[in-house]
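Hi,

Here is the structure I promised to pass on to you. Have a look at it first, and then read my notes below.

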Amino acid sequence: MDNRKTFTTPKKTLAGMQVVHFGKILFNLQFVAVAIMAASVISFLFTAVYYLLLVCVLILSLFTLLADPGFQSLMSGGESLTNVASVLSQSWAITVPTVAALSIASIVCLCFDKNERHTARIVVSSIVCVIALLVLILKLVNSGASA
């Protein structure tokens, strides 16, 4: 019973498996940056919804809440939401290239797998990369770099 053989995986195969696993991690990580990009667009809607809800509450209370100083302070509370929205809207300069880089790196790493094809992940990463590059081009064009 002492004749047990220990099988070891070749280092090249292990390295390839780690690269593919890293590609899967990058694939998942790109969606965090996509969520931040989406939050920069949606954050302006939160401010509008906030004020819309306040107006609805005012109408339902027949404007009697205007006498309450606590409610009046809520009317100026949307400024902090506006500040958050403006900071998020400026984050495109970081998030858009990050999404493009993560998707390209994910595609490259997933192409190293010789055992399994990751067609769906590669296609999704390609689409996300194209959308990120289009957003980057549109943002750079609309930034109005004047000579």
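Let's start with Ile42, which is partly exposed at a relative accessible area of 38%. Here buried means under 20% relative accessible area, exposed means over 50%, and partly exposed is in between (1.4 Å probe, protein chains only). Ile42 sits in helix 1; helices (H or I, at least four residues) are DSSP runs, numbered from the N terminus.

Before going on: this is a predicted model, where local features need pLDDT of at least 70 and side-chain atom pairs count only at pLDDT 80 or more, while totals for chains, interfaces and linings use all residues. Residues are numbered from 1 along each chain as its sequence is written, and side-chain values use heavy atoms, leaving out hydrogens and water.

Now the rings. They pair if their centres lie within 6.5 Å, and planes over 60 degrees apart count as edge-to-face. That rule gives 2 aromatic pairs. Phe27 and Phe31 are edge-to-face because their ring centres are 5.2 Å apart and their planes are at 85°. Phe27 is buried at 10% relative accessibility, whereas Phe31 is partly exposed at 35%. Tyr50 and Tyr51 have ring centres 5.5 Å apart and planes at 70°, so this pair is edge-to-face.

Best wishes

Definitions and conventions: Phe/Tyr/Trp six-rings, centres within 6.5 Å; stacked < 30°, edge-to-face > 60°. Helix = DSSP H or I, 4+ residues; strand = E, 2+ residues; numbered from the N terminus.
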